[in-house]
Amino acid sequence: MTTRLHLHLLSDSTGETLENIAKAALAQYDDVETVRHFWPMVRTESHLERILQEIAQNPGLVIYTLVNPATRRILESRCHALGLPTVAPLDPVNAALSGLLGVQAKMRPGRQHALDAAYFARVDAIQFTIAHDDGIGWEEWEEADIVLAGVSRSSKTPTSIYLANRGYKTANIPIVVESPPPPSLYTLKKPLVVGLTTSADRLIAIRRNRLLSLNQPPDTDYVEQEAVNRELTFARRMFADNDWPVIDVTRRSIEETAAAIISLVNQRKADA
């Protein structure tokens, strides 16, 4: 039986943090039909009043990241009067940090989105990653933080883009039996080279869907069992010969694969 939930998300900034928190929490519940009401950039009482009218018409859970004390008090008191629960998920974290650091938080909206050095580094990483997809620009691979290697359709590109959004310059190269990668791949010093592999059955299924989406006949060596097995064996031997860490993406989401790669990067730094 499906439960219907109105979820009101209020933020005085972009609301990206709030959306991620709500998404992570809701993933733990099945059979819930969630109606999301997203309210970013809530910084005035007049704006909040309009939102409160909508909340009253569609009662549900209210989750907020508001730093202005007056705005918070209005929201909390009005929701209390309506009998609606409110949650400020960052409050316990800020309280713990204040206790440990002995200082109060600055309470400025959107401080995490400031155009600081980390922001521009992330933009630079995204630009680098886009320019070095699918083996392009191999002459500049030494500038990368990570180089992903794997056979076609082993999630190299989406994983690279996700890592770039985390600030890592990431290049990727397809491993093709008939076309060896450039020799520079084997002599890289700065970037961590990671091999991505997967099961033959999953790879064939993904490739068949790809061919169908392109209106191409799904009966080529690209999806033939023996040929796919040969590709995977060739790639795994290359990874082993060069002592590259390998991640099996068969049952991993892009986020899980990226998290495993970041862990490898951090471990490498710790061991340096």
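Me: How many aromatic pairs does the structure hold?

Reply: Rings of Phe, Tyr and Trp (its six-membered ring) pair if their centres lie within 6.5 Å; planes under 30 degrees apart count as stacked, over 60 as edge-to-face and the rest as tilted. This structure holds two such pairs. Tyr 186 and Trp 244 are stacked, at 6.0 Å centre to centre and 5° between the planes. Tyr 186 sits in the loop between strand 6 and strand 7 (192-197), and Trp 244 in the loop between helix 8 and strand 8 (246-248), so this pair ties together parts 58 residues apart in sequence. Helices (H or I, at least four residues) and strands (E, at least two) are DSSP runs, numbered from the N terminus.

Me: Which class does the pair of Phe 239 and Trp 244 fall in?

Reply: Tilted, because the ring centres are 6.2 Å apart and the planes lie at 45°.

Me: What model am I looking at, and how is it numbered?

Reply: This is a predicted model: local features need pLDDT of at least 70, side-chain atom pairs count only at pLDDT 80 or more, and totals for chains, interfaces and linings use all residues. Residues are numbered from 1 along each chain as its sequence is written, and side-chain values use heavy atoms, with hydrogens and water left out.

Me: Is Trp 244 buried or exposed?

Reply: Buried means under 20% relative accessible area, exposed over 50%, partly exposed in between (1.4 Å probe, protein chains only). Trp 244 is buried, at 12%. Phe 239 is buried too, at 0%. Tyr 186 has 37%, so it counts as partly exposed.

Me: Which residues does Val 147 touch?

Reply: Contact means heavy atoms within 4.5 Å. Leaving out residues up to four places away in sequence, the partners of Val 147 include Trp 141, Ala 171, Ile 173, Leu 185 and Leu 188.
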